[in-house]
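Here is a friendly walk through the packing of one model. Have the sequence and coordinates open as you read.

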Amino acid sequence: MAQQAGSLEAFGGISVVQTRREVEELLSHIGKDGLFDQYTKHDISHIVAMLGKLDWLITEETKEAMSGADWLLIVLATYFHDLGMLVTKDEFERRGQSSFADFCEENLMTDDNDGRDYKTRIAELSEEEREKFLYQEFVRYHHATRVANWIEGKQTNEIGVATTLLEEVKRILAPLDDVFREDLAKVCESHHLEDLDNAKKYPVRRYYGATEQEKANVQFAAILLRTVDLLHITRDRTPSIAFRVLKPSDPVSQAEWAKQSAVRAVTPKPGYDGEGNVSETAARDTIEVHARFTDGDGFFGLTSYLNFASAELRASHEWAEKSTQNLGVNHVFPWKEIDTTKVEAKGFLTEPFQFSLDQEKVLDLLTGHTLYNDSNVVLRELIQNSIDAVRLEHGELSVSMGEVRVKWDSAERTLEVWDNGTGMTQRIIENNLLRAGSSRYQDPEFKKQNPDFSPISRFGIGVLSTFMIADQVEVLTCHPNEEKARQLSLRSVHGKYLVRTLDKECVPSFIRPHGTVVKLSLRPSAKPGDFLSVAKNWVVLPDCQVSVQINNEEPVSIGFASMADALESFIRDSAEGNAIELDKQKIRVIQRDGDGFSIAYAVRWNEYFREWTFLDIQNQDDEDEESDPMVGVCVGGIRVEGNTPGYREPTFWAIANSFGPNAPRTNVARSAVDATPEYKRFINNSYEAFCAHVEEEVSLLQSKRGYSLTWATAEANVISADLTSGRPVSQSQLREVVSSLPLFVVEQGEERKSISAKELNDYDAVHVIHSSATDHMEHLLREIPGASRAVLGKMLNRDTVNDISASDLVICSHLGRYDFADSLLLSAWEVSGMVLDNAIRSCKFTLGRIREASRWSRTTLRGTFLEKLQEDRDHYTGRPFQLVRLPLQGVVAAGFDEGETLEYGAVLGDMKYLRPGHPWQSMVDDVLASPLAPHDKELRVTLLAWLISLSFRNRGLAQARPSALLGSLDEIKVRLERLRVTAWIDFEKFAEVTQDVDRLEIFDTRRWSRGYLGF
């Protein structure tokens, strides 16, 4: 049917047979080069087996209803869905150009216990195995999106540089039109998504042509692909989707489970008639798995997976059933259960055992310090439950009509939390309040009735926290839908409870007709904290009236109307000096709002530079230095973390709130935010808000405060240093946002302007002039708005360099002064040419885009096992030892052998570049010409660069005496022997070359400064 569909007009004559041959050839390469070579089998046999299962997964009734387009879509999706696992050798070697490093940092080797465990486990692998395994996980995570992009012809290097494969897929599918290819891409990607119920994304009636045979049920194709991939778990292969169950948390166990998979068959279970006999005509809805294991690990891995697969199968059944009933389609998907009784483990007892919960002990754990580690969070849990009830009841009017009251009676040792929220019905009490882990707000029916409501609470264990400090809890609640109010008295988390009904006239008017009072009687051993301070610490933006009353004192209102109000109050309370500066308007708070996001940050006026810079948290009075600064991240107006938004520590004064359906999730204890896409968006919003301030200051410095473009751009680097010098949650996201800031001054002809690292990408080449004249010009231009080097050079009748054309883009910013700007520039550009003119003491550097094959050796030993050579020094200085850069290929140099002094290279920023033809060039050439792998060549050249660099240590800025190294070679050999790399250096040749280099001169304009520490 699929082959015949290819002849339909809508499908351009595509040949399914030819497509299979070409896909088979591509699939045969999966598993080569050490990637996916042990875990799964994804060749054409996998495709054939999947198509075989489709034969019985699709009922006879549905086969008759399916069109040619249906068959073509599901067959092609089966062919292509795992093609994203294919990794060429070229792609692997270019992995640094993708988001691979960020993926490892943000998803695998995270800064938590899971990440640390992961690092320990992969340490068991060799360096080469480790790198391949990690890239394998990167590709596995993205493989569905990769193939979807290839099918649609989208090129993105973020998830792998796979240009060749993209072009191949485009060629194979060229006969198909855009609409069909888009749907094919969606179906291929869908087997790793959870949105198959979305009939808008996966239409059940998609016409590709005018006839019924050219109409397809895209959702049904996606459900079939998902199911058949789930079920292909026979011994020759484990499904790619299994990684979602095991997750990349234990690479060793993943590999072992894959090797020990012993599934013999996956078949439909026979149907049974009403008397329990097998019947050919009875309906079938269950799938049987037949397997025998001799190893427990394989058994556990499979049974865990099948539990997951059963849930997925039921979901697919529900999606298909819903479309059949509501949308009138005839594509039936009957399968909803997986029978695992035929899964055996030889040598083990036939009965499989499983964990059961000791309810009493589990409740003890939940109500002890194990979960929260802080009894003060009891009040937070109760307040946020009340705020949720108030917001749900009053909606947008909660600010004026909603109210939460907290009362503490120290004599009676009772803590009460009152709210005029929704109150609770008997059903809510039974199903949610008294059922641990059952949050009312997560109930599907509740979500359906309140689609726009975003609760703070979502775990359903808040009331349990009260038993951390109380031995008696009373709940009084009133709901409009109930005739009577209800009162519960909870004496123990393990006990039985009675619900008393009360006439509503007998309950306080505050909770009529709706509301709740929770009263805690603290046990004698409980140590109550400062409940007012606790409430202030957590409750920032409640969107309702919240007050705390201590004994008979006047109630104190807590919470704020805006993030700016909150931050200003926190800063004012932090130190007397800050309060004075706020009053004098030397400190001010700025708020920025977005969709579901609000952030406030503080800035301080700098009298000398006339600019607003971020307020450093360290600027506090000495007596307050140990107090915790009230910065942080709020979710739904409740403070969760105490760090500057976007950072792992309090860096500068800022606080942010995320709310609504896209707010990030917190962990159960609400002590941290989970690393989800929503949190990434929140982090990005924070960085963008901070950078917006930098951009505004740069603009105002020029337009309102009379400073030059040169001055303003330099200050952009200074102000943004507060953003780049801390410990960001995501270094990659921060770099991406900061790369849009105007951190560089450039000239093109007589035009002088500021530009960002991103804007530099619009050019093919850029230039840097390193000379004393240009340095002095920049100092002068810093004080003269509107001028440029070119104009100034004409006025002074001075050529700073004689081969710059009007179309050349010249970077005028001083490299080596601002680390982050340098790193942005040099992560995308590298020196491709150097032209020295000693007559005017100038060197022109041309920068080209970084290529796959680098033009230069590495900058440091970091990231290689050779870093052990400098570990002690790097740890002491905090900075990696900077290596001399050796040219490898594609570098042009001129003018270095002219003049009185023989120059062997030049300095740019804080890096020393040797020119082609330097004394050790033949040693570099020997390594590059060897049959070694590219990575091994890189390491050997790096080691040579390190050896040469030793001659510069403590020898001034750009001069060295390499020959002096010869007396230390024996000591150096001992250090290299520890790493077993002595053989990498031809010491005889190195000594022969080096003995003639008594003085190594590298061009540096600082040579003409009296403060220069040369010879």
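The largest nonpolar core has 80 residues, and those with the most contacts inside it are Phe 11, Leu 73, Leu 76, Phe 80, Ile 151 and Tyr 208. A nonpolar core here is a set of buried Ala, Val, Leu, Ile, Met, Phe, Trp, Tyr and Cys residues joined through side-chain atoms within 4.5 Å. Apart from it lies another core, of 68 residues, including Phe 690 and Leu 809.

Please keep in mind that this is a predicted model: local features need pLDDT of at least 70, side-chain atom pairs count only at pLDDT 80 or more, and totals for chains, interfaces and linings use all residues. Residues are numbered from 1 along each chain as its sequence is written, and side-chain values use heavy atoms, leaving out hydrogens and water.

Leaving aside neighbours within four places in sequence, Tyr 208 is in contact (heavy atoms within 4.5 Å) with residues including Phe 11, Leu 73, Phe 180 and Val 218.

Now to helix H10 (residues 163-172), whose buried residues are Leu 165, Leu 166, Val 169 and Ile 172. They cover an arc of only 130° around the axis (taken from the directions from the helix axis to the C-beta atoms), which puts them on the same side of H10. Their cover includes helices H2 (16-27), H5 (68-80) and H9 (127-152). Helices are DSSP runs (H or I, at least four residues), numbered from the N terminus.

Some buried residues (under 20% relative accessible area, 1.4 Å probe, protein chains only) are tabulated here:

| Residue | Relative accessible area |
|---|---|
| Leu 723 | 0% |
| Cys 812 | 4% |
| Cys 843 | 0% |

Leu 723 lies in helix H26 (residues 709-724).

Technical notes:
Buried < 20%, exposed > 50% of the residue type's maximum accessible area, 1.4 Å probe, protein only. Helix = DSSP H or I, 4+ residues; strand = E, 2+ residues; numbered from the N terminus.
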